[in-house]
Amino acid sequence: VTTTRGMLRRLLLFALAGLASSAVGSAPGRSGSSTSPYSFSLTTFDPAGRLQQIEFALRAVDRGSGAAAIVTEEGVVVAKWSTGSRPTLHICRVTDSIVLTYAGSEADFRWLVRKAAGIAVEHVREFGTEVTLAGLADDLSGLVQEHTQVAGLRPFACSLLVAGRDDYGCECYKIDPSGWVAPWRATAVGRHASQLEDLLAPKLTTLRTLKDAAAFVDDALSPVANRLRPADRPHHLHTSIALVPNNPAADARLCPDIRRLLGDDDDDDDD
């Protein structure tokens, strides 16, 4: 009798859950794709084979301020765009020669930066050498991917650019909210990333110095911004920059405003 009651109770709960999902899915003013029963479950695939929560996280990335990285013969240039009355640095140093930036949720990014710093410290403690870029990117992507499988967690709403120099040279890796990771010669994430990558692709063979790459990243914003409607164009747009020279004796250099780095004194903030 007790077993029968338990089975009936579970059946009743499943039925109520189905009714609740149907009610949400038929709510007026909402699209079916974003309010299906599968859109609230991180670990359940929908009939099309998608994890919708990851798709929602990717949308958050696409709405975030953009970031880009370019690997040149002299090193790596990492840029992050932000809006506001004053320049703000959104690029974090993990080691003397590895930096991270992002597009999407800043809070999620800061959490991942702390994890990355812990991975770097633990690697030095255990092996006596600095963590490699590939090793750090692989560990971070594994952590991000784990958050797409475990019930009670949610995917990170940010994409990462992991760039810098190690014993194998200068590299850049991109990690998205699904945990997918890949090396890139030049890439962008966030708002208007595809337009920025279209501008970067034909310039890869001509951008040889760090200063040329930094200047190009700054100039690339103008055509992208000009394609937008006036109401969508950002005000007080600032570009944070990090330069990682391909020289073991030089550390990464971070600057909250690319104009200052390029020597454009006319754009310095006088406040």
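Leaving aside neighbours within four places in sequence, which residues is Ala-120 in contact with? Keep that in mind while we take in the whole chain, and remember that this is a predicted model.

Let's start with the overall picture. The protein chain has 271 residues, and 42% of them are buried. Its secondary structure comes to seven helices and 10 strands. If you look at contacts with a separation of 6 or more, 61% of them come from residues 24 or more positions apart. The accessible surface of the chain is about 14,600 Å², and carbon and sulfur atoms account for 53% of that area.

Now zoom in on a hairpin. Strand S3 (residues 92-95) and strand S4 (residues 98-104) run antiparallel and are joined by three bridges. Two residues lie between the strands of this hairpin. Across the pairing, Thr-95 stands opposite Ile-98 in S4.

Ile-98 also takes us inside the protein. The largest nonpolar core holds 24 residues, and Ile-98 is one of those with the most contacts inside it, along with Leu-100, Phe-109, Leu-136, Leu-140, Leu-160 and Val-162. The elements that give two or more residues to this core are S3, S4, helix H3 (106-127), helix H4 (133-146), strand S5 (158-166) and strand S6 (169-175). Apart from this core lies another, of 21 residues, with Ala-188, Leu-210, Ile-241 and Cys-255 among them.

Setting aside its neighbours within four places in sequence, Leu-136 is in contact with Val-94, Ile-98, Leu-100, Ala-116, Ile-119, Val-131 and Val-162.

That brings us back to the opening question. With neighbours within four places in sequence left aside, Ala-120 is in contact with Val-94, Thr-95 and Val-131. Ala-120 lies in helix H3, and it counts as buried because its relative accessibility is 5%, below the 20% cut-off. Thr-132 comes 12 residues away from Ala-120 along the chain, and the C-alpha atoms of the two are separated by 8.8 Å.

Next, the aromatic rings. A pair of aromatic rings is described by the distance of the centres and the angle of the planes. A search of the whole structure finds two such pairs. In one of them, the rings of Tyr-102 and Phe-109 have centres 4.3 Å apart and planes at 20 degrees, so the pair is stacked; planes under 30 degrees apart count that way. Are these two residues buried or exposed? Tyr-102 counts as buried, at 3% relative accessibility, and Phe-109 is buried too, with a relative accessible area of 0%.

Lys-80 lies over the face of the Tyr-102 ring, at 4.2 Å from the ring centre. Elsewhere, the charged end of Lys-174 sits over the ring of Trp-184, 4.5 Å from its centre.

His-192 has a relative accessible area of 23%, so it is partly exposed.

Note on methods. Residues are numbered from 1 along each chain as its sequence is written. This is a predicted model: local features need pLDDT of at least 70, side-chain atom pairs count only at pLDDT 80 or more; totals for chains, interfaces and linings use all residues. Side-chain values use heavy atoms; hydrogens and water are left out. Rings of Phe, Tyr and Trp (its six-membered ring) pair if their centres lie within 6.5 Å; planes under 30 degrees apart count as stacked, over 60 as edge-to-face and the rest as tilted. Buried means under 20% relative accessible area, exposed over 50%, partly exposed in between (1.4 Å probe, protein chains only). A charge sits over a ring if NZ of Lys or CZ of Arg is within 6 Å of the ring centre and within 35 degrees of the ring normal. Helices (H or I, at least four residues) and strands (E, at least two) are DSSP runs, numbered from the N terminus. Contact means heavy atoms within 4.5 Å. Accessible areas come from the Shrake-Rupley method with a 1.4 Å probe; for residues, only the protein chains shown count as cover. Two strands pair if DSSP finds at least two bridges between them. A nonpolar core is a set of buried Ala, Val, Leu, Ile, Met, Phe, Trp, Tyr and Cys residues joined through side-chain atoms within 4.5 Å.
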